[in-house]
Amino acid sequence: MEVVVVKDAREAGRLAASAVTALLARTPDAVLGLATGSSPLPLYDELARRSTEEGLDLSRATAFALDEYVGLRRDHPASYRSVIRREFSERVTIDPARVHTPDGLAGDLVASCAAYEDAIRDAGGIDLQILGLGADGHIGFNEPGSSLASRTRIKTLTEQTRRDNARFFSSLSEVPHHVVTQGVGTIMDARHVVLLAGGAAKAQAVHGLVEGPVTAMCVGSVLQFHPHTTVIVDEAAASALLLADYYRQVYDGKPDWQGL
Ligand SMILES: N[C@@H]1[C@@H](O)[C@H](O)[C@@H](COP(=O)(O)O)O[C@@H]1O
């Protein structure tokens with residue numbers, strides 16, 4: 001696991017965008033995994049800028065979102081389908097037909113979760129998975145106690161996560177209780193994971209993820225078993241890391257050609 005401490009969210013976005021750009025240069029038909037929440041927004045801004053100003057080409061890429069609320073209408077501004085469209089698909093050259101979001105309105109949610117797993121597999125698996133981090137250590141919507149081998153399925157949100165996400169809704173009562181999320185095992189299958197976290201509210205979760213024991217109580221800690229994870233954090237989110245100076249030293253001494 002590589003930990004990169006950056007100055008601010010913009011720098012985090014630029015660094016993550018460079019990983020996406022390098023991947024697309026090698027593999028124009030790459031499969032991206034997309035996260036929602038506020039942490040990846042500077043990344044999507046930078047991808048949009050590179051598309052407009054530098055000709056970054058996503059026309060052959062495919063994307064799969066991590067999660068979706070159950071029962072929320074598709075065109076609700078807080079649905080992850082809407083967020084991914086607004087922040088990503090409509091601002092880059094990707095074919096909208098190749099941008100997938102779990103279906104939180106499916107009549108048969110269990111079958112729809114299995115179909116989502118099949119679609120990821122049929123696309124060749126995810127090359128680069130963007131992740132945020134919940135204050136309780138969740139990735140996707142895999143709340144504490146999630147099976148570390150889980151696949152795409154229905155989960156119940158904790159009240160903490162509902163409160164955290166209420167800012168995207170007109171009131172807390174509007175936040176759904178249930179979601180569909182890629183499982184922890186699904187995320188672990190991605191070939192490269194780039195996790196973005198910023199702000200002091202994430203400091204303990206970042207410490208647990210990077211330095212804590214691997215435990216379903218901090219689901220992100222399972223990434224310690226992942227062969228290629230890059231954790232990009234700002235100073236505040238890095239503030240509880242015991243080995244922060246060491247991570248800085250490692251990154252500063254890294255040759256440019258290595259990339260992320
Ligand atoms: N399902 C999303 C997660 O994928 C995201 O990582 C988390 C953190 O969001 P933020 O980046 O806004 O702190 O929020 C939601 O719970």
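Helix 1, residues 9–26, and helix 2, residues 41–54, pack at an angle of about 55 degrees, and their axes are 7 Å apart. Bear in mind that this is a predicted model. At that angle, helix 1 and helix 2 are therefore oblique to each other. The crossing of helix 1 past helix 2 is right-handed.

Who makes the contact? On helix 1, the residues are Ala9, Arg10, Ala12, Gly13, Arg14, Ala16, Ala17, Val20 and Thr21. Helix 2 contributes Pro42, Leu43, Asp45, Glu46, Leu47 and Arg50. Sorted by class, that contact has eight nonpolar, two polar and five charged residues.

Three strands form an open sheet, ordered 4-8-7, with antiparallel pairing. Strand 4, residues 67–69, and strand 7, residues 153–156, stand at the edges with a single partner strand each, so one side of each has no neighbour in the sheet. From one strand to the next, the twist averages 30 degrees.

Take strand 4 and its pairing with strand 8, residues 178–181: the two run in the antiparallel sense and are joined over three bridges. Within this part of the sheet, tyrosine 69 stands opposite valine 179 of strand 8.

Last, the ligand. Which residues come nearest to it? Of the 14 residues around the ligand, those are Ala35, Gly37, Ser38, Ser39 and Gly132. By class, the shell has nine polar residues, four nonpolar and one charged.

Notes
Residues are numbered from 1 along each chain as its sequence is written. This is a predicted model: local features need pLDDT of at least 70, side-chain atom pairs count only at pLDDT 80 or more; totals for chains, interfaces and linings use all residues. A residue is near a molecule or strand if its C-beta atom, placed from the backbone, lies within 6 Å of it. Ala, Val, Leu, Ile, Met, Phe, Trp, Tyr, Cys and Pro count as nonpolar, Asp, Glu, Lys and Arg as charged, and the others, Gly among them, as polar. Axes are lines fitted to C-alpha atoms, for helices over the stretch in contact, and angles run from 0 to 180 degrees between N-to-C directions. Helices (H or I, at least four residues) and strands (E, at least two) are DSSP runs, numbered from the N terminus. Angles under 35 degrees count as roughly parallel, over 145 as roughly antiparallel, 65 to 115 as roughly perpendicular and the rest as oblique. A crossing is left-handed if the near helix is turned anticlockwise from the far one by less than a right angle, and right-handed if clockwise. Two residues are in contact if their C-beta atoms, placed from the backbone, lie within 7 Å. Two strands pair if DSSP finds at least two bridges between them.
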